[in-house]
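Colleague: I am new to this structure. Could you help me learn to read it?

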Amino acid sequence: MEDTTRIEQSKFAVGPDGAESRGVDAGELPWAYGEDRITAIARDPDSAFLYWEVTDGGIAAARARLGPAGQDGWLDLRVYDTTGRDFDGTNANDYFDIRVERHDREYFVMIRRPTSTMHVEIGVRTHEGFFQPIARSGRAEFPRSSPSPDAHLEWMTVTSDDAPPCVAPYR
C-alpha cells in the first residue's frame, strides 16, 4: 500500500489499528441511574423545565414517614417561590403542588414570575395534605422579561502605538 493511500485512510480511523473495521460500540444509555434527584431549569421569564428520577426505595421511605396515610399517597411536585430567601425547606414565600404519575420523568411548568427564584421538591402527598419530600432541586432563577433598566451608554476610545497602519483610531 502506498504511503499516500495509508495516510488518506487514516483520516477516518476512530481507534487503534483494526478498530475502524469493528465499528464503534455506541453502548446504551440507561433508563435510570438509581438516584433520587430532581433538577429545575428556568427556561424563560415565565416557565421552567423539571426532570427527575425517584427510586422505589425513595418512595417507600417517604410513605413510611407519612405513616398509614402514606400508603395511599401519590407522587407530587411541590414548587416553592423562594425569592429573596436562603431556602431551608420551611421558609418559602409560597408554594403550589402538581400531581405526577410514577412513570412521568419531566414536566414544563408555567410560573409567570419574572425575576423570581424557585426550588422544587418531589415527594409523596396524602389526601390530608401532608407531604414528605424525596428529593429537592437546586435554585432556579428566572430572568427579567424587560430590557435592562440601565440605559446608560459609556464609550471608550482605544488607541495604540502598536496598531497596524490599516487601523485608524476612533474619532
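Predicted model: local features only at pLDDT ≥ 70, side-chain atom pairs only at ≥ 80, totals over all residues.

Colleague: Which residues touch the most other members of the largest nonpolar core?

Modeller: In soluble globular proteins, nonpolar side chains tend to be buried together. A nonpolar core is a set of buried Ala, Val, Leu, Ile, Met, Phe, Trp, Tyr and Cys residues joined through side-chain atoms within 4.5 Å; buried means under 20% relative accessible area, exposed over 50%, partly exposed in between (1.4 Å probe, protein chains only). Here the largest core has 24 residues, and Leu-50, Leu-75, Leu-77, Met-118, Val-120 and Ile-122 touch the most other members.

Colleague: Which residues line the largest pocket?

Modeller: On a 1 Å grid over the protein atoms alone, a pocket is an open set of points where a 1.4 Å probe fits, with protein on both sides within 12 Å along at least five of seven lines; lining residues have an atom within 4 Å of a point. Among those lining this one are Trp-31, Tyr-33, Arg-37, Trp-52 and Arg-105.

Colleague: Is Arg-37 buried or partly exposed?

Modeller: Arg-37 is partly exposed, with a relative accessible area of 44%. Beyond residues up to four places away in sequence, Arg-37 touches Tyr-51, Trp-52, Glu-53 and Ala-135 (contact means heavy atoms within 4.5 Å).

Terms used
Residues numbered from 1 in each chain as written. Heavy atoms only, no water.
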